[in-house]
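Dear colleague,

I am passing on the structure we spoke about, and below it you will find a short account of what came out of going through it. Please read the account with the structure open beside you.

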Amino acid sequence: MTQYQDEAPVAGRRSRRAADPVAAKVVEVLIVGAGFAGLGAAIRLRAAGITDVAIVERGSEVGGTWRDNQYPGAACDIPSNLYSFSFAQNPEWTRGYSGSREILEYIRGLARDNDLLPLIRFQHNVEALSFDGGKGLWTVTLSGRDPIIARSVVMAQGPLSNAGLPNMRGIESFKGKMIHSARWDHSYDFTGKRVAVIGTGASAVQIIPELVKIADKVKVFQRTPGWVLPRLDFQSPEWTKALFKKLPFSQTAVREAMYWVHESMALGMIWNTPMTRALELLGNRFREAQVKDAWLRRQLTPDFKIGCKRVLMTNDYYPALQQPNCELISWPIANLSEQGIRSVEGIEHQVDCIVFATGFEVSKNGTPFPVHGLGGRDLNAEWSRGAQAYKSVQVSGYPNLYFTFGPNSGPGHNSALVYMESQIDYIVRSVGQVAGGQLKYVDVRADAQKKYNEGIQKRLAKTNWNSGCKSWYLSDDGFNSTMYPGFATQFARQMASFELRDYRLV
Amino acid sequence: MQLDIDKMLVKIKNSQWALADIDWDAPGRERVTENVEQYAKLKVFMADLMWIEHVGARAFAAMAKKAPNDTLAEIYRYFHAEEQRHANVEMALMKRWGMLEGDHDNPILPEPNINLRLVIDWLDTYSDEMPLEVLGSVIPSLEIALDGALCKFLLDTVQDPVCHAAFEKINDDESRHLGVGFHVLEMMGYGKTYQLAVRTAGTLLNPKLLIGIAAYLPLLNRMRDNLVKLGLKEERLYEAMNKYKKIGGRTEQGRRNPWFQIISRQSAMVVDRKSLYHVPVDALVRLTDYYPRRWLKATPTWVKGLTWKTAA
């Protein structure tokens, strides 16, 4: 998307630094990432009158996760009316659960309609952040570019933005094509190919039905089967679109209704309650209805509580697995070889292409780049035993630095954007304290952060996420720094109050 | 036997091999046996061996569901697949020796005998519900019989170098299975005596287990008869069972596992021809010959996963 680059004010090259006033200027708020969170933060900051905002984006287009995840079948597993900003509702959603292209189009629309494109500096990859306590300013180091000085920094780089091929034995020896679900190669033609899909998580269950339609053979390598629930997807009728356009409050009402339906799911998904059993019963009945063979059903039966890992919402995954050209392989993988995948039962599964639907490197233990706060303290080191923050958005010792999707802000049952909006509004309020230069910085008190996290971890201990299964929610030693143990409503209430006593104002 | 199961899992992952690692076209296939009569018996033995490995695999799948921790569950998932690999290797050997019926490139899976079918039926229906101590105590006894008697006997009988190369790999796997097997057998001996006793009594009263025992005992006797017909010295089985008793009973915890006590006593009776144990069990073997096939469940699809092919 080169037109964005052309429109964006790009910081000067190193050779022109002295002559370039932009490089020396202090930006009031610098946002890292031009996905949902970054653009949402920019919109709300400007609405609050904070207009000196810049966004640095390592890619060349807006969209974040939804720009990167364009694999066949990619869609959101939360209804679109809820998976969108409440302040930017879209009456045009074509489906109940929209595909990634439509969501990306919505994000592009956000940038376009709110005139955000001039704020975005594309192909600016942040290498490090460093805070100068004396001046109360952040220095943002960029790859191959001059640094940017900012009073406040909003980390909106996304928790699921780093995708890489997994470290599997023999991966270097495979001579065929390898594709990661989050880095889809649209030029590769799967027609008539023998394909292996490694992984059976949220991306895989969307990719597999699409591949089965075109590939000659699809072998699905499963390590742990997940809970699958039916997805009530439908094509939006024209009359609802017209209604939402004419009477926006009707769409708000639908959104509210969806919100409360999802909130009620927390009762079964987050905590172990009779509703957990009811949801598991639904999952079991759905599997029995969709999978005829008893052994295949056994292979697909999860051995952990529903909600412990991400629940998979799909109607066409099980039917796809039972197509004659598809095979589920639940043997462990021994290694990759020149021609395919060798599983432990001793057979080499020869394929033309391997699709890695193996997920992302979620930042549970550390930061995506070095972040140095007051006195040079290193956030990566502080988070090495599990990330912690105050109300998920700020970390003591790192003043004027804000996180979206920071530690313990992940939902398991409701729209991530609902949580994100609460965080953004909190950030806007906090940024407002230092904007204009009255204060040098606001820093969370260490004891307030400690108290907050003790409460969070105590509550997490009673959740299904911490009930024994391994998931990307937990670090290798079982620490949960990703999920928020409560309702979205509770989270929103927590973010709605700004406790000045929990801060040091300098 | 104290075993670091985390290290064991790493070792298992580092010791993987595939059917393709064996040169199935290497010379020596004619050295299977020159004796026509022996060949026919060997064919039955190989089919039985393959099926035993395969039902053992299914037992490991059930144990993975009951494992007390993630590492042991993962180990059992590997063992499930490794036993399947052994069955695949044995099918590939049968293919090499011309023992498979049907088309050369698309041979038919040998038919399991009625006792194996009954055990397959039971495993398919009830094994996932069995407590770990039952299968966890039986499996080492079967493994030791396989490793100590059957495989050694096969290697003494057959001179084909491919068979020897394949079983060298299988035996390596089996030694790890035995290591974990005895570790778990001892693990099951922890706890207060009365608790162990009450739990065992409770399990023994479970009709589902009783059906399993009724299917398993005649299978053992039929296997023993087939082996003896083939020329296996009964002392070999006796030695193997003694080994189970010796290793399983070398720690106090092992001895305190009631299932170890039950199985070692039952094994001693199996290998003792004079034991009265054989009267009802041999009668059961004969009875099962008349078991109506229509009463059997449809063959589960996990059985159809066996293959002699190195690549798919």
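Predicted model: local features only at pLDDT ≥ 70, side-chain atom pairs only at ≥ 80, totals over all residues.

As for the geometry of the pair, H3 covers residues 70-96 of chain B and H6 covers residues 161-187 of chain B, and the two pack at an angle of about 150 degrees with their axes 11 Å apart. Because angles over 145 degrees count as roughly antiparallel, H3(B) is roughly antiparallel to H6(B). The crossing in which H3(B) passes H6(B) is left-handed.

Turning to chain A, you will find 15 helices and 20 strands there. Its radius of gyration is 23 Å, close to the 23 Å that the globule rule gives for 506 residues, so chain A is as compact as a globular protein of that length. The C-alpha trace of chain A spans about 70 × 50 × 50 Å along its principal axes, and 57% of the 506 residues in chain A are buried. Of the contacts in chain A with a separation of 6 or more, 72% are between residues 24 or more positions apart.

Terms used. Residues numbered from 1 in each chain as written. Chains lettered and ligands numbered in written order. Heavy atoms only, no water. Axes fitted to C-alpha atoms, helices over the stretch in contact; angles between N-to-C directions. Helix = DSSP H or I, 4+ residues; strand = E, 2+ residues; numbered from the N terminus. Parallel < 35°, antiparallel > 145°, perpendicular 65-115°, else oblique. Left-handed = near helix turned anticlockwise from the far one by under 90°. Rg over C-alpha atoms; globule rule 2.2 N^0.38 Å. Buried < 20%, exposed > 50% of the residue type's maximum accessible area, 1.4 Å probe, protein only. Contact = heavy atoms within 4.5 Å.
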